[in-house]
Amino acid sequence: MGQIHNIEKLTDCKFLNLYHLNATSIHNTPVSYFVASRAKSINELKIKTGKNTPDGVIIYSLYGEKRDRVVLVRQYRYAIGRYIYEFPAGLVEPNEEFHEGAVREMYEETGLKFTPLKVDPAFEKPYFTTVGMTDESCATVYGYAEGEISKNAQEDTEEIEVVLADREEVKRILREENVAIMCAYQLMHFLQDEEPFAFLKEEL
């Protein structure tokens, strides 16, 4: 196992910071590594805490009486300078339970009321997003959305279009559009499974 010798915080931003690690690999090779993190201090890094608490939530929700549409957002992302299709998502606030965070974020981004499902923790526990560059992890919350779409609660910095996609539109999105990877995998199942949430009833 590699050894981390010291960590230096390089930025002081509200939502994301960059840290520099000096380390030695298992092959006794010096390593200079950079990690982006939601942590506001070195002591809050997952390297230090050893805990995997969710930084954010990703919301996979079905919509409509037949529950045959999935709630997506088409969002402009500065990292790629383009729009990308994603599930509604956002950061969990301090001392906020992540299911509550999902309800709040769904309303803020879409105006819709979200009712989470109770599922096996293995399906919703926080998983790491892009561990090659960040220690960020997100929990996935599943459920049903209802109501009317509204942008009234969106932040001024957000550029979001809400999309209620049926299976034909999902096929088009996967073929033609930029899609976040975790969203893409779930949409592939949405296309094939008559009951998209059936897998949540399995016991692990």
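This is a predicted model: local features need pLDDT of at least 70, side-chain atom pairs count only at pLDDT 80 or more; totals for chains, interfaces and linings use all residues.
Residues are numbered from 1 along each chain as its sequence is written, and side-chain values use heavy atoms, with hydrogens and water left out.

Now the overall picture. The chain has five helices and eleven strands, where helices (H or I, at least four residues) and strands (E, at least two) are DSSP runs numbered from the N terminus. Its C-alpha atoms fill a box of roughly 60 × 40 × 35 Å along the principal axes, and of its 204 residues, 38% count as buried. If we take contact to mean heavy atoms within 4.5 Å, then among contacts between residues at least 6 apart in sequence, 60% join residues at least 24 apart.

Let me turn to the interior. In soluble globular proteins, nonpolar side chains tend to be buried together. A nonpolar core here is a set of buried Ala, Val, Leu, Ile, Met, Phe, Trp, Tyr and Cys residues joined through side-chain atoms within 4.5 Å. The largest one has 21 residues, of which Tyr60, Val70, Leu72, Phe87 and Tyr142 touch the most other members. Two or more residues of this core come from each of strand E4 (56-63), strand E5 (69-77), strand E10 (137-146), strand E11 (160-165), helix H4 (167-176) and helix H5. There is also a second, separate core of 14 residues, including Val57, Val71, Ala102 and Met106.

Which aromatic residues form one cluster? They are Tyr60, Phe87, Phe123, Tyr142, Tyr144, Phe197 and Phe199. Two rings of Phe, Tyr or Trp (its six-membered ring) pair if their centres lie within 6.5 Å, and planes under 30 degrees apart count as stacked, over 60 as edge-to-face and the rest as tilted. A search of the whole structure finds nine such pairs. One of them joins tyrosine 60 and phenylalanine 197 edge-to-face, with 5.0 Å from centre to centre and 85° between the planes. Because tyrosine 60 lies in strand E4 and phenylalanine 197 in the segment after H5, this pair ties together parts that are 137 residues apart in sequence. Tyrosine 60 is buried at a relative accessible area of 0%, and phenylalanine 197 is buried at 4%. Phenylalanine 197 also forms an edge-to-face pair with tyrosine 142, at 5.9 Å centre to centre and 85° between the planes. Since tyrosine 142 lies in strand E10, that pair ties together parts 55 residues apart in sequence.

Next, helix H5 itself, which covers residues 181-192. Its twelve residues reach 17 Å from the first C-alpha to the last, close to the 16 Å expected at 1.5 Å a residue, where the expected span is 1.5 Å times one less than the number of residues. Its buried residues are Cys183, Ala184, Gln186, Leu187 and Phe190, and what covers them includes E4, E5, strand E6 (82-86), E10, E11 and H4. Glutamine 186 has a relative accessibility of 14%, and, leaving aside neighbours within four places in sequence, is in contact with Tyr60, Phe87, Tyr142 and Phe199. As for phenylalanine 190, the charged end of arginine 167 sits over its ring, 4.5 Å from the centre; the rule is that NZ of Lys or CZ of Arg must be within 6 Å of the ring centre and within 35 degrees of the ring normal. Arginine 74 is placed likewise over the ring of tyrosine 83, 4.1 Å from its centre.

Finally, back to the cysteines. How many disulfides does a search of the whole structure find? The search finds zero, a disulfide being a pair of cysteine sulfur atoms within 2.5 Å. The sulfur of cysteine 13 is 19 Å from the closest cysteine sulfur, in cysteine 138, which is too far for a bond. For cysteine 138, the nearest cysteine sulfur is that of cysteine 183, 13 Å away, and cysteine 138 is buried, with a relative accessible area of 10%.

How values were computed
Buried means under 20% relative accessible area, exposed over 50%, partly exposed in between (1.4 Å probe, protein chains only).
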